[in-house]
Amino acid sequence: MMLRMLSVITLGAVLAACGGGGSSATVPLAPASDNPDPVPNQPDAPGQGEGEIRVLSNRADLISGGDALVEVVATQSEQLDELKMLLNGEPVATPLVATDAGARRGLVEGLVPGSNTLRVVLGNGEFLERQIINHPNGGPVISGPQIQPWQCTNSAAVDDQCNQPAEYSFKYVPADRLQALITGFDPQNPGLPDSMLPYDPANPPAQEAIAQVTTDQGVEVPFIIRVEEGVQNRDRYLIMALYQPDQPWNSLEPQPQWNGKLLIHHGGNVGVSYGMGAPPEGDIAGTAPAGAEVLLGDSITTALGRGFMTLSTAQGNLGHNANLVTAAESLMMAKERIVEQYGEIRYTIGTGCSGGSITQQHVANAYPGIYQGLIVQCSYPDVWTTATQFADYNLLSNYFGNQLAMEADDFQNVFASLLSSQVIPVVQWSAFYGHLPLNPLVSDLAFFPSAYPDQQSCPGLADGVPVYDARERPDGLRCGLLDFMKSQFGPRAVEVWSPNEQLLGKGFGGIPLDNVGVQYGLKSLQAGLITGEQFLKLNREIGGLSVDIDYQPERTVADSQALQNAYRTGAINTAEHLANVPIIDLRGPDPGIAHDAYHSWQMRARLEAVQGHADNHVIWYGVAPLIGDTVYTTEALLAMDLWLSEMEEDHRDLSVAEKVVANKPLYARDRCLSVSSLFSPEGPIVPLTGNLLYPDPILPGLDLSLLPPPPAEAGLVVDAVTGQVCGLDVGELPVVSSLPLPGELSDTLGELLSPLTEPLVELQALLIQTRFGTPRTVAGDDIRTLTNKCQLKPVDPADYPLAMDAQGFAQQVAEIFPQGVCDYSRPGQGVTRTLTWLQYGDAEQVIHGGEMIRTDASGSRQGWASPAFGVAVE
């Protein structure tokens, strides 16, 4: 009987290998009793071969769009010469290209939605088999049910997922950029003209009118860019690359000017949308006006000229989409497309300011592998600890009357608050804010409105869709950050439902914010900057926010599941998974339009807490607000490229995290003034000149390349000399120890400098680097500010040493905080590690809080980065 069953199974395998069985992924087996006994001494039919089918363009279980770049490897490579491929039992004609290692690669098309079986029949009749799970080009892949309603605004859309054929156009950089800027300037249209001009392959400009560029691989081509614009995941993406219009390009034979590197650029701000957006096109988070990149720095054009490909997606723009998961999903799908249409990627660098920094640091921690290096500017570590800071600002400003009055009633309320707060306006506000009064006001105007569920001008929403109003339309669309994140955070528990939730029979999106037990102004009270009465009155009256983001007399209470999910999903960036990525943080001084300078050191502290070091984190501080210096984006790209290229060539048996530290270039070090950019290994980069002088001076007669390149060590000397101007302790920083000096002399120099510098370090960090605090650091939290809800402790009279009657004062505090006050010596409530690569269900069913992807995807995603970066799924 056993022989009879084996015969049936073997026959099924042979039929499948020959294409039998129609389009079914498996071949039905006949009952065992219908088959005769096998003929004695008949050789066994070929079975499972020795080898592997690798899915290069993504995880094999996360493929989208119906195609996948695959590689077939066999133990005996000659068996690949006559191989045949079958997809779901049907032969597929996939052109294959032999690699130097003897494998075969090809783009398999025609994948059906769901599970697919790819079978390769080798020359000896044996077979290899691989399961590939395909998802729609319109998504979702990992994000679960998509945001609804959704408005497609592309006229070429062919379905309600906004899908359309990709569109291609061309641009070129003129040989005389100065002349192009002058002739392109329109006095009737303020602003600078674009530094690239349209290129028509059917009617091209004269060859001498096009700039020539030599890539970092030494390939010289005209500076012509192909722009691909298309739709994935219901929204737009943008891919640009140097292109030779008269030459073919596919994933198996890329054009030689592409160096295999990818730069992803992002947009700024934070917001939600219920319709399509535009992928950011410019640098500085895409927020600078068109053409201004010449003055403000332009790493995108620099990258293109060096041979990089560039990418941006609308869903990866935090100002358009504050949902971490769909941002990661869109970037994942776009990288897959690049590998399938253009070729394998060596490594990927992210760049962006403000919201662009949050997207990078969010995604790199929760979905490692998408980026190999990060360039963050005017950065925040995440949305949801920043949301705590901005919510505190909002509550304090409401109490103080530090708000802009829009209407007559608002003016009366503001005036009343100013009179009743008993806090000296402006003078004492910072004692509670922990910061200059300007940034709290700007945060209210620029960012806090995204939290309101009753936004009347809900972004992207089609006309006629009713928006939530607590009184008039409780069943309307809640257009705010909390409900936009409902798949991640989960709904509120029934026992805390508001009257409207009870009316509708469902919970709104959970709140991961809390201020129960927070003693606003505690450190200022202890320092004597405010009085006990001011402290008591404010903490008694400050109140909190409801689920509708309305003021309430009670403190804000976090929903426990939402709070835990905020940490679990990576929405609160705990930084456990960032050791494999180098980070260059570009920072300017405050006031920075609510972009507090301290956030750079906040992320550093988080890294040090979980890694034991922050050797993968570099801070470049400069004099220009927000951005540090106009040359920093470009210069950081060069430094990051050098860092990653050294890692790529490191074939030692080290972990990726160890390679990050071991290959950190001298060029990638903390600095406090951009003057050391004059000593860049790429040649002198003049501070505060944007891209006017780099890489090719726009001004005629200037040729900085004629200057001999100074040694990189010269920049270290500059750093040491200028260090104390910027508040860096040169006695402790690696600047001193890395000087080319004998060990004893270096130690002696550090010992001599330390007594002179230590008393000034803290003051300089505040006055020069403007490392101010937040309402929570003033209340006792540390610089990481990872505690969105604190654990409580009994009120302790020892916390109020300046009070005339500490015991009596503590009793008054206890009346305000009957449950206790924050104990910042212990981890916050709900704090847990971020889990990586969570998925949130499918189009029909949501998994709140996400779950690990459990399918076997080993032997896939090799096309995302070189082996040194450990991106492939083993």
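**Cavities, salt bridges and backbone features**

The largest cavity has a volume of about 310 Å³. The model is predicted, so local features need pLDDT of at least 70 and side-chain atom pairs count only at pLDDT 80 or more, while totals for chains, interfaces and linings use all residues. Residues are numbered from 1 along each chain as its sequence is written, and side-chain values use heavy atoms, with hydrogens and water left out.

A cavity is a set of points, on a 1 Å grid over the protein atoms alone, where a 1.4 Å probe fits but cannot get out; lining residues have an atom within 4 Å of a point. Grid points are joined across faces, edges and corners, and a volume is the space filled by probe spheres set on the points. Seven cavities of 30 Å³ or more are counted. The largest cavity is lined by 25 residues, of which Val-383, Ala-387, Phe-390, Ala-451 and Leu-481 are the closest to its centre. Helices are DSSP runs of H or I with at least four residues, strands are runs of E with at least two, and both are numbered from the N terminus. At least two lining residues come from each of α6 (355-366), α7 and α11 (481-484). Helix α7 gives the largest share, five residues. The lining holds 18 nonpolar residues, six polar and one charged. Here Ala, Val, Leu, Ile, Met, Phe, Trp, Tyr, Cys and Pro count as nonpolar, Asp, Glu, Lys and Arg as charged, and the others, Gly among them, as polar.

The second largest cavity has a volume of about 100 Å³. Its lining includes Gln-146, Trp-150, Arg-234, His-320 and Phe-484. Three of the lining residues are nonpolar, seven polar and two charged. Arg-234 lies in the loop between β14 (224-232) and β15 (235-242). Its phi is near 70°, a positive value in a residue other than glycine. Arg-234 is buried, at 5% relative accessible area; buried means under 20%, exposed over 50%, and partly exposed in between (1.4 Å probe, protein chains only).

Ala-575 also has a positive phi, near 70°. This residue sits in the loop between α16 (560-568) and β22 (583-587). Its relative accessibility is 0%, so Ala-575 counts as buried. Two cis peptide bonds are described next. One joins Gln-148 and Pro-149, with omega about -5°. Pro-149 belongs to the loop between β9 (127-135) and β10 (167-172). The other runs from Tyr-694 to Pro-695, with omega near 0°. Most residues other than glycine have a negative phi, and most peptide bonds are trans.

The structure holds 27 salt bridges, each a side-chain nitrogen of Lys or Arg within 4 Å of a carboxyl oxygen of Asp or Glu. Arg-606 pairs with Asp-382, with the closest N and O atoms 2.9 Å apart. This pair links distant parts of the chain, 224 residues apart: Arg-606 is in helix α17 (residues 598-611), and Asp-382 is in the loop between β19 (373-377) and α7 (384-400). Both Arg-606 and Asp-382 are buried. Arg-478 bridges to Asp-483 at 2.8 Å between the closest N and O atoms. Arg-478 is buried at 6% relative accessible area, and Asp-483 counts as buried at 15%. Shared partners join Glu-52, Arg-54, Glu-71, Arg-105 and Glu-344 into one salt-bridge network. Within it, Glu-52 and Arg-54 have their closest N and O atoms 3.1 Å apart. Glu-52 is partly exposed, at 29%, and so is Arg-54, at 26%.

Notes. 1 Å grid on protein atoms, 1.4 Å probe; cavity = no way out; pocket = protein on both sides within 12 Å on 5 of 7 lines; lining within 4 Å.
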